[in-house]
Amino acid sequence: MNTITLHNTLPNVFAGRGDNGSEIWLREVTLERGMHYLISAESGTGKSSLCSYLYGYRTDYSGTMAFDGRDIRQLSVAEWCEVRTHHIAYLAQDMKLFAELTALENIMLKNSITHHKSQQEIVRMMEMLGIGDKVNSLVAKLSIGQQQRVAIIRTLCQPCDFILLDEPVSHLDDQNNAIVAQMVTDEAQRQGAGIISTSVGNNVKISVDKEFKL
Amino acid sequence: MSKSDNNYSTKHLKWKLLRKHISPAQLAGFSLASLIGLTIVILAVQFHQDVRPIFDDEESFIKKDYLIITRAVSTAGTLLGANNEFSQAAIDDIQAQPWCRKVGKFSSNDYSLYATIGVGGGNSMGTMLFFESIPTEFIDVADSDWKFDPSKPEIPVIMSRDYLSLYNFGFAASQGLPQVSEGIISKVPLEFTLRGNGHNDNLKGHIVGFSNRLNTIVVPQDFMKWSNERYGSGLDRNPSRLIVEVNSPGDVKMQTYLEEHGYQVAGEKMQQGKAQYFLTLVVSIVIVVGIIISLLAFFVLMLSIYLLLQKNTKKLQDMLLLGYSPTEVARPYINMVLAINAVVLVIAIVLMLLARAYYLPMLQAMGTSGGTIVVALIVAVIIMLLISVGNVIAIRRKINALWIQQS
């Protein structure tokens with residue numbers, strides 16, 4: 001997948017509000033593989049909605065979104081599974097971790113279908129982010145910041161063309177923010193993937209090619 | 001695969017995640033209800049299979065739908081010397097009834113008959129006797145001996161099985177005589193003394209078969225004609241018994257007709273028609289009850305699974321977002337249900353076979369070794385397949401419905 005295009009897209013809940021100056025909604029936007037994008041937004045401007053549309057689990061929008069020119073409303077369930085395991089790596093704002101599994105189990109749940117990283121690599125990433133001692137801790141017992149780091153590692157455990165991060169560092173200190181930024185950038189570079197990151201203020205410290213105001 | 005690898009396998013992690021909220025009590029309830037329902041259905045089917053031979057009785061000499069009718073003998077009739085014969089007009093009237101296919105007359109011997117049987121050691125038993133004959137088409141026996149040749153006179157006889165029972169269980173038992181099997185008695189030479197019309201002959205005979213239905217001693221019609229001409233008075237007598245081939249032994253119109261004319265049905269054929277009808281009715285009711293229980297069990301399971309999926313909705317949706325397909329997410333639940341159904345199927349069949357082993361000796365006492373178990377097994381498998389397919393479709397639909405989330 002090389003491009004993601006948005007054509008005149010608008011969440012249904014915003015219908016009839018008129019143009020509010022967004023650089024995404026009701027615009028013609030093309031996101032390219034290999035580029036780094038920041039979508040900065042205020043709360044309630046449809047940031048998470050945008051991510052959910054791009055990941056195929058919500059369809060309550062007007063206009064068209066397309067992967068390589070193909071309308072994503074046409075994608076079959078099997079094609080979406082392919083997108084979610086091979087083309088777009090997604091970190092949801094609410095992380096969507098499973099509280100009853102350990103940190104490592106959460107990551108392995110993803111990695112066991114993609115086989116993208118070895119268990120050693122994963123543990124090393126956890127150590128880099130300062131949660132090496134939490135490998136076998138239940139996610140429910142971790143702090144929000146620790147959970148966020150688990151979720152980021154899980155997101156990187158797949159081949160991808162785009163890495164879609166919904167407020168990836170909202171709960172991280174500067175030091176971890178920098179490590180995450182490095183880790184994501186490295187992974188994107190290895191795969192030639194684009195990065196699409198959203199933020200309400202606390203930006204991930206990644207060099208940005210283009211910034212959109214939502 | 002090492003243990004740690006195994007601990008992080010997709011299957012293990014999925015099950016660890018999705019088994020939460022599974023209610024063992026609900027599943028046990030479903031399993032029990034399903035087991036009871038299925039067992040009832042297949043036991044009823046099996047019982048029907050086992051009991052049916054008693055009614056069908058393929059070995060019977062007389063085909064299925066034959067009745068033997070006589071006029072009722074009343075005390076007044078005996079005193080007044082009323083005759084119990086069927087006039088030709090009465091026979092024609094029966095023949096004209098819609099339920100009647102064919103009428104055959106019983107003719108009996110018109111001379112004195114004495115039978116002797118050797119019981120070994122030079123001893124012999126003898127008794128006055130009678131013969132009856134009916135047209136051969138009413139006798140369903142493919143026995144080449146069933147004919148009579150005057151030039152080589154030997155009399156083939158079909159005897160009521162009841163007579164042998166009377167001898168074995170009544171007479172022989174009380175007199176300390178040996179009991180005899182059908183095979184042995186068929187080999188014992190009989191001697192008949194026929195006397196009348198100036199003749200007095202000894203003829204040999206043997207038993208070619210036993211009948212459950214014909215409550216008499218039957219000889220071929222050729223012999224009856226020949227012997228009545230030779231030893232009889234020459235008078236043409238009307239028959240006192242008729243054999244009637246009917247469409248259905250349980251026919252109500254037929255029963256009304258027989259009652260109105262004061263005819264009696266010998267043997268159990270008509271009651272049997274009713275009994276068979278009631279057997280089918282009862283078995284059908286039991287099967288319906290079993291199916292209703294199975295259906296209820298099916299819905300209990302569906303409710304239980306829906307509840308389970310409902311409670312796990314968030315988790316299932318999050319798994320779909322990780323890239324698991326609905327099929328993969330559904331698999332642990334589908335496997336669980338299929339495993340339960342398979343166990344229920346096996347236990348139901350075992351229970352059915354146990355129950356059968358319990359009742360079969362009683363049926364064997366009635367002279368049948370039971371029917372095939374294949375039908376019941378097929379029914380069991382088909383029902384479980386239908387239930388399983390229903391379960392699988394319901395689970396998949398429910399999980400597919402989670403694919404698109406509401407905002």
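Visitor: What does the secondary structure of chain B come to?
Guide: In this predicted model, the secondary structure of chain B comes to 13 helices and 12 strands. Of its 407 residues, 28% count as buried. Among contacts in chain B between residues at least 6 apart in sequence, 84% join residues at least 24 apart.

Visitor: What confidence does chain B have, and where is the pLDDT below 50?
Guide: The average pLDDT of chain B is 83, and 88% of the residues score at least 70. Over residues 58-63 of chain B the pLDDT is below 50, and this stretch has 17 contacts in the model beyond near neighbours in sequence. For the model, ipTM is 0.93 and pTM is 0.66.

Visitor: Why is Thr185(A) called partly exposed?
Guide: A buried residue needs 20 or more other C-beta atoms within 10 Å, and an exposed residue has 12 or fewer. Thr185(A) has 17 C-beta neighbours inside 10 Å, so Thr185(A) counts as partly exposed. Thr185(A) belongs to helix H6 (residues 174-191) of chain A. Between Thr185(A) and Ile163(A) there are 22 residues in sequence and 9.7 Å in space, C-alpha to C-alpha.

Visitor: Which residues touch the most other members of the largest nonpolar core?
Guide: They are Ile163(A) and Leu164(A), in a core of 105 residues. Helix H3 (residues 24-56) of chain B gives the largest share of this core, 12 residues. Leaving out residues up to four places away in sequence, Leu164(A) touches Cys51(A), Leu54(A), Ile88(A), Ala89(A), Tyr90(A) and Ile196(A). There is also a second, separate core of 34 residues, which includes Tyr66(B), Trp99(B), Ile207(B) and Val246(B).

Visitor: What makes strands E6 and E9 of chain A stand at the edges?
Guide: The open sheet of chain A has five strands in the order E6-E7-E8-E3-E9, with parallel pairing. Strand E6 (88-91) and strand E9 (210-213) each have a single partner strand, so one side of each is left without a neighbour in the sheet. Neighbouring strands of this sheet are turned by 15° against each other on average, direction ignored.

Visitor: How do you know that E3(A) and E9(A) pair?
Guide: Pairing requires at least two bridges. Strand E3 (residues 36-40) and E9 of chain A have four bridges, in the parallel sense, so by the cut-off of at least two bridges they count as a pair. Ile39(A) stands opposite Phe212(A) in E9(A).

Visitor: Which helix lies across E3, E6, E7 and E8 of chain A?
Guide: That is helix H1 (residues 47-54) of chain A, which runs at about 145° to E7(A).

Visitor: Which residues of helix H11 of chain B are buried, and what follows the helix?
Guide: In H11 (residues 313-322) of chain B, the buried residues are Leu316(B), Asp318(B), Met319(B), Leu320(B) and Leu322(B). After H11(B) comes Gly323(B), with a positive phi near 110°.

Visitor: How many residues of chain A are in contact with chain B, and which elements give two or more of them?
Guide: In chain A, 22 residues are in contact with 19 residues of chain B. Helix H2 (77-87) and helix H3 (103-114) of chain A are the elements that give two or more residues to this side. H3(A) provides the largest share, six residues. By class, the side of chain A that touches chain B has 10 nonpolar, five polar and seven charged residues.

How values were computed. Residues numbered from 1 in each chain as written. Chains lettered and ligands numbered in written order. Predicted model: local features only at pLDDT ≥ 70, side-chain atom pairs only at ≥ 80, totals over all residues. pLDDT = per-residue confidence, 0-100. Contact = placed C-beta atoms within 7 Å. Axes fitted to C-alpha atoms, helices over the stretch in contact; angles between N-to-C directions. Nonpolar A, V, L, I, M, F, W, Y, C, P; charged D, E, K, R; others polar. Core = buried A, V, L, I, M, F, W, Y, C linked by C-beta atoms within 7 Å.
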